[in-house]
Amino acid sequence: MAKSKVGDRAVYQPGASSIEGLPTTLQMFHNHPPLMAKPHWHAQVEVNYIVRGTVHYRMNDHEIQLRAGDICLFWGGQPHQMDDSSEDSIYAGAHLPLVHFFRMRLPLDISGRLMRGQTLVTSATDAADNENFARWYSYFRSGHLAKAEHAVAELLLRLERIVFEPYLMLPEKRENPLNEQAHPQSSRSLARMCDFIAGNFLHDIETVDIARAADLHPKYAMNLFKKCTGMTLSKYVNLLRLSRAQAMLMRDGANVLQVAMDSGFGSISAFNKSFRHIAGMTPSDFRRDMRVLTAMNVEAIRPPMRRPAPQF
C-alpha cells in the first residue's frame, strides 16, 4: 500500500471551472498530478497516460499503482482518490463525457465492466504515445476548433486500439459477456440519450423524454442503459447534478439550498439524500471539510514572511 503524501503537497480542489463543475464537457490535461485529500467523483470516463514517474489511486473497491508507459481507463462516477505520486510524475489524458465515450467502438463487455467499477490497464504503449498525448493537449488548448476536434478524434481512435493489445481489467471478476453484435446500434442509442441528458440534466426530465430523444421505447431505453452502464437513467442524471453541486459548494458564500435548486434537485431533502449516498456526508459537511483542507493547504504552501532589515 502506498504511503500518502497529501500532507506535503498541493491538494486538488473541485471548482466551478473544473471537471466536477463541467460534467458534460470533454477536457484534456498534461501536467504534474495534484494529490487529493479526499475521494472525489465526476460524471466522465477518465483516461490516464503516465508520461513519467508513478501514481497511486484508491478506487471504490481496489487500489492501483501506475507506472510510466501505462494507460488506464476508469469510470469517474465511482469515488476515487489519487493519494500518492512520485515527485517527477507527469500524466496526460482526458475526461470523457459518456456521449464521447460511447462514440468509441469498444466491445460492450469492456464498457460495461468499466461502468461497473473496474479499471482497464495496459502497458502496451510506445514512444509515439508520449508525442501524441502532448500534441493532442496542445491542439485541444489551441483555440482552433478544427485542431481540437482532430485531437479528440485521434484520442478516441487510440483508445479503441487498446483492445488489440494485452490489457487487464482490475480487480479481476467473473463477468457474463454482453452481446457484442448489438454494439454499433446500441452505442449510437446510448450516445443520443447521453447527449440529450447533457443538455437537459438541470431541468425536470423523465425517462420518456430521454427515450424519445433516441427514438426508443422508454422500457427498452431503461434496460439498454442499465445493461451497458450498470446505472439507471435517473442515477446518471443525479450524478451529473451532484458533480456540478460539489463544485458549486466550493464557491464563497455558497448556500446549500440554492446549490440544490441550481443543480436541478427539486428539494433540499432529495439533494441531501443523494449527496450523502455518494459522499458519505451531507453537503454542509462536505463544504466545511473542503474549506478546512483548502485553508490548511494555503497555509502549508505560503512562503515564510520576511522580517524587515533592522534599522541602525
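## Aromatic pairs

F133 and W136 sit three residues apart in helix α3, about one turn of the helix. Helices here are DSSP runs (H or I, at least four residues), numbered from the N terminus. The model is predicted: local features need pLDDT of at least 70, side-chain atom pairs count only at pLDDT 80 or more, and totals for chains, interfaces and linings use all residues. Residues are numbered from 1 along each chain, and side-chain values use heavy atoms, without hydrogens or water.

Rings of Phe, Tyr and Trp (its six-membered ring) pair if their centres lie within 6.5 Å; planes under 30 degrees apart count as stacked, over 60 as edge-to-face and the rest as tilted. The count comes to 11 aromatic pairs. F133 and W136 are edge-to-face, at 5.0 Å centre to centre and 65 degrees between the planes. F133 and W136 are both buried (under 20% relative accessible area, 1.4 Å probe, protein chains only). F265 and F271 form a tilted pair, at 5.2 Å and 45 degrees. Ring pairs link W41, F265, F271, F275 and F286 into a cluster.

## Helix packing

α3 (residues 127-140) packs on α4 (residues 145-160) at about 145 degrees, with axes 7 Å apart. Axes are lines fitted to C-alpha atoms over the stretch in contact, and angles run from 0 to 180 degrees between N-to-C directions. Contact (heavy atoms within 4.5 Å) involves residues including F133 and W136 of α3 and L155 of α4.

## Nonpolar cores

A nonpolar core is a set of buried Ala, Val, Leu, Ile, Met, Phe, Trp, Tyr and Cys residues joined through side-chain atoms within 4.5 Å. The largest has 70 residues; L96, L98, M193 and Y236 have the most contacts inside it. Helix α8 (residues 233-248) gives the largest share, eight residues.

Methods:
Helices (H or I, at least four residues) and strands (E, at least two) are DSSP runs, numbered from the N terminus. Buried means under 20% relative accessible area, exposed over 50%, partly exposed in between (1.4 Å probe, protein chains only).
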